[in-house]
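Please take a moment with the sequence and the structure below. A short report follows.

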Amino acid sequence: MTTDMPTWSEVKRWKGSRLDGFIDTVISRKLTANDVVDEISAISMDTWQGEGAVAAEQTRSSLLERAEKVYDNFQYLLTATSTAQDGLGEVETLVLEAQSRADHYGFVISEDGSEVTDPQLDQWWERLGANIAAGQSSAYAAELADRQAALQDCADAVSTALSRANKVDQAYCDALANISGDLVTSDMATGSGTFPGLPDNPSTEQTAAWWDSLTEEEQLDYIKSHPELIGGMDGVDGWARDQANRHLLDRDIALAEEQIAAGNGTPELEDELAEMQALQDSLESADGEVRQLLLYEPATGEDGNYHMHAAVSVGDIDTADHISTFVPGMTTNVRDSIGPYTSDLHNLNAIAQGKLDAMGSDETVASIAWLGYDAPGGMESIVQVDSMDDVKPGDFPLILPQGEYQDPAIFSVDASVITPERAEQGGQNLTNFVEGIHDSRVYDSEGSNDPHTSVLGHSYGSTTSSYGVADARPGTVDDYIAFGTPGVDGGSWNMNAGNNYVMNYDNEELIRYLNNPIQWVTGIQDAGGLGTDPSQDPGFTTLDPGPADPGLAHTQYLNDQSQAQEHLSDVVIGEAP
């Protein structure tokens, strides 16, 4: 790295530039330095006397000071390097975002990044003039405005990428200068965060590197003393999060039962207890598989956490070669959904594992039921009314044509069902979650172990997952599938996944109607409230789910032994076409 301002062509070459191996080496050296400090500290001078004892103690103290200095330098180097690694990931994501948008629209980014141009702009203005003459300018003018906005967004992304690259480069050079200049102090190595060596609001890469640099004793101490932090830290190993979250869940269940037994129960507390017990029941192993509680967040009543959030892994995410994260949609809640979904994923794993075994592979799978966001409500959020006057305040009026001689059906729809607000919130949570799993496997004192990862998004969960995959660092998600989907964020060009798939039953028209009623009625191709239709995107490979029962198709993708399940299992093991 240099202190010169990087150009666009240089920053593009940062793609794939990873410090994983170096971080693993630093972790190993830090642990060795810690062992040396412990060994020197354990040397006892109690039986020594006289000048020899004084000299020996001085030597021991000097060795200890030097060993602690080495330890501090390794800790400081680890923090600086993991921070730089995180910055590299941010830059790579920004570069991919800008370049993908440029490729999609045909924009040209100059070599130094100072200019982004649209070679087709003159043609667009000419076509607009022709449309104005024909009296058909409105729709075309809107498309031109969208294109100009995309050009500005692309230029902004290039500028942000270059600025971030310069800051990452300079910060790491400054850190290395502190080390080479023997300027690192114990306070600099420890930092000011809750945990020594870990900054406040750490990235998943910083968290993973820090966690793997701890001794086993330190890890167990943190799980015991700070379970509420460790259980929710993306980047920490699955076994540790599981221990911390199970402790919290057991504690909360015991407290609720005590309150109810003492006569202090309320309907709300009984509902909370039932939800916690459902979560606890979902952790019961089937056929001896490992189950891990990777997320446990009781409801707070605040925006984004109105409902309990939870994630349960069916299989061991610390050792599995293939890890999938399933994101469900409308009607999802922990009490009613976590049990059925973990059962479905158990069956999905069995199919996927059977395929691996048949191929002669010794690889294993783990699938996660991720309920880490407030999904919109169920069908109670869509109520048929007699007239437009009966639409609830704040709701969206949905009008369904009923035929040539029938009045249209009018529904009052909770706006959260057809707007991406909760999908955007959930997408941010999902990005951190999947990056944390990836990083927890990549950083290890014994070497990197990067599993094949996939994200499976169903219904509104496909919209949520698309936001998460779009923001995930390149290399985090290998395969992404949206099924039973109303729409995704941007399209395939915006997805940071190796492969994109879509699967929809034919008789799910209501899902697509809810996303874009205007297109349904007029046939005008346009992105709806929940994004673009991936089945119309050539960057998504379409998979055929086979037949489904009328009226029930939307709920049948995970049915055991179904054609849809077969395709999902192929995505899970990276064998989809």
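Which residue does Thr325 stand opposite in strand 6? Thr325 stands opposite Ile368.

This is a predicted model, in which local features need pLDDT of at least 70 and side-chain atom pairs count only at pLDDT 80 or more, while totals for chains, interfaces and linings use all residues. Residues are numbered from 1 along each chain as its sequence is written, and side-chain values use heavy atoms, with hydrogens and water left out.

**The chain overall**

The protein chain comes to 18 helices and 13 strands. Helices (H or I, at least four residues) and strands (E, at least two) are DSSP runs, numbered from the N terminus. Of the 577 residues in the protein chain, 50% are buried. Buried means under 20% relative accessible area, exposed means over 50%, and partly exposed lies in between (1.4 Å probe, protein chains only). A contact means heavy atoms within 4.5 Å. Among contacts in the protein chain between residues at least 6 apart in sequence, 71% join residues at least 24 apart.

Strand 6 covers residues 365–371, and seven of its seven residues are buried. In a regular strand the side chains alternate between the two faces of the sheet. Both faces of strand 6 are covered. Val365, Ser367, Ala369 and Leu371 are buried on one side. Ala366, Ile368 and Trp370 are buried on the other.

Two strands pair if DSSP finds at least two bridges between them. Strand 4 (residues 309–314) is joined to strand 6 by five bridges, and the two run antiparallel. Ser313 of this part of the chain stands opposite Ile368 in strand 6. Strand 5 (residues 322–327) is also joined to strand 6 by five bridges, but these two run parallel. From strand 5 the chain crosses through helix 12 to strand 6, and this β-α-β crossover is right-handed. That term applies if, with the strands pointing away from the viewer, the path from the first strand over the helix to the second runs clockwise.

Ser337 lies in helix 12. Its relative accessible area is 8%, so Ser337 is buried. Not counting residues up to four places away in sequence, Ser337 touches Thr331, Thr332 and Leu371.

**Nonpolar cores**

In soluble globular proteins, nonpolar side chains tend to be buried together. A nonpolar core here is a set of buried Ala, Val, Leu, Ile, Met, Phe, Trp, Tyr and Cys residues joined through side-chain atoms within 4.5 Å. The largest one has 42 residues, and Leu279 and Ile481 have the most contacts inside it. Helix 12 (residues 334–358) gives the most to this core, with seven residues. Leaving aside neighbours within four places in sequence, Leu279 is in contact with residues including Leu249, Leu293, Met308, Val334 and Ile338. A second, separate core has 37 residues, among them Val11, Trp14, Val91 and Val184.

**Salt bridges**

Side chains of opposite charge can pair when their charged atoms come close. A salt bridge is a side-chain nitrogen of Lys or Arg within 4 Å of a carboxyl oxygen of Asp or Glu. The structure holds 15 salt bridges. The table lists some of them.

| Arg101 | Glu97 | 3.6 Å |

Arg473 and Asp439 link distant parts of the chain, 34 residues apart. Arg473 is in the loop between helix 15 (460–471) and strand 11 (477–483), while Asp439 is in helix 14 (residues 421–442). Both residues are buried. Salt bridges that share partners join Glu205, Glu435, Asp439 and Arg473 into one network.

Arg101 and Glu97 both lie in helix 3 (residues 50–105). They are four residues apart, about one turn of the helix. Arg101 is buried at 12% relative accessible area, whereas Glu97 is partly exposed at 32%.

Arg291 is buried, with a relative accessible area of 8%. Glu289 is buried at 18%.

**Cysteines**

How many disulfides does the structure hold? The structure holds zero disulfides. A disulfide is a pair of cysteine sulfur atoms within 2.5 Å. Cys154 has 0% relative accessibility, so Cys154 counts as buried. Cys173 is buried too, at 18%.
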